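Colleague: Could you walk me through this one? I have a few quick questions.
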Amino acid sequence: MDFRRQMNDLCACIFRQDELYDIWAKRSGMKPSTVTVLYMLDQFSEMTQGGIAQMCLLPKQTIHTVVQELEQAGYLEKVSVSGRKEKPLRLTESGKRYTADKLGGLYRAEERAAAMGAEQFAAMVEMTRKFTDSFEKEIRNGAE
């Protein structure tokens with residue numbers, strides 16, 4: 001298989017995975033953007049709204065709306081950090097319980113999907129990371 005075909009297949013898989021997370025969210029009675037915010041805060045402990053928007057390629061206003069909803073429900077809080085305009089967000093204790101309950105099925109589905117074995121899965125992640133790092137260098141150094 002030639003490189004262009006492999007690159008197309010890789011991109012198609014990434015886009016399909018995004019779609020599958022959205023399908024899971026909707027089947028679970030949640031907005032995909034809410035699942036995204038909960039997922040990111042569960043994985044990274046603290047993130048800013050801008051950081052989530054940038055990493056997940058979602059509009060800042062979308063993230064802002066979800067954050068307001070989760071904050072009003074008592075599931076997340078803004079961390080006060082002096083000298084920083086944008087406050088990091090983190091899950092409250094009730095938010096951690098809520099997230100574990102709501103995303104537990106998603107996490108189990110991810111684990112079952114990685115049934116190829118721990119070693120192969122780790123190798124796939126490492127190779128994807130290496131490609132992404134190399135691609136980032138190309139793009140940031142002004143690739144045409």
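Colleague: Where is Leu-57 found?
Modeller: Leu-57 is found in the loop between H3 and H4, where helices (H or I, at least four residues) and strands (E, at least two) are DSSP runs numbered from the N terminus. This is a predicted model, in which local features need pLDDT of at least 70 and side-chain atom pairs count only at pLDDT 80 or more, while totals for chains, interfaces and linings use all residues. Residues are numbered from 1 along each chain as its sequence is written, and side-chain values use heavy atoms, with hydrogens and water left out.

Colleague: And what phi does Leu-57 have?
Modeller: Leu-57 has a positive phi of about 55 degrees although it is not a glycine. Most residues other than glycine have a negative phi.

Colleague: Is Leu-57 buried or exposed?
Modeller: Leu-57 counts as exposed because its relative accessibility is 76%; buried means under 20% relative accessible area, exposed over 50% and partly exposed in between, with a 1.4 Å probe and protein chains only.

Colleague: Which residues of H3 are buried, then?
Modeller: In H3, which spans residues 49-56, the buried ones are Gln-49, Gly-50, Ile-52 and Ala-53. They sit on the same side of H3 because they cover an arc of only 165 degrees around the axis, taken from the directions from the helix axis to the C-beta atoms.

Colleague: What covers them?
Modeller: The cover includes helix H2 (32-44), strand S1 (46-47), helix H4 (60-72), strand S2 (76-78) and strand S3 (89-91).

Colleague: Switching topic, at what angle do H1 and H2 pack?
Modeller: Helix H1 (residues 3-27) and H2 pack at an angle of about 105 degrees, with their axes 8 Å apart; axes are lines fitted to C-alpha atoms, for helices over the stretch in contact, and angles run from 0 to 180 degrees between N-to-C directions. That makes H1 roughly perpendicular to H2, a class that runs from 65 to 115 degrees.

Colleague: Which residues make the contact?
Modeller: H1 contributes Tyr-21, Asp-22, Trp-24, Ala-25 and Lys-26, and H2 contributes Pro-32, Val-35 and Tyr-39, where contact means heavy atoms within 4.5 Å.

Colleague: What does Val-35 touch?
Modeller: Not counting residues up to four places away in sequence, Val-35 touches Trp-24, Ala-25, Met-30, Leu-103 and Leu-106.

Colleague: How many residues has the largest nonpolar core?
Modeller: The largest nonpolar core has 21 residues, and those with the most contacts inside it include Val-35, Ile-52 and Leu-103; such a core is a set of buried Ala, Val, Leu, Ile, Met, Phe, Trp, Tyr and Cys residues joined through side-chain atoms within 4.5 Å. H2 gives the most to this core, with five residues.

Key. Parallel < 35°, antiparallel > 145°, perpendicular 65-115°, else oblique.
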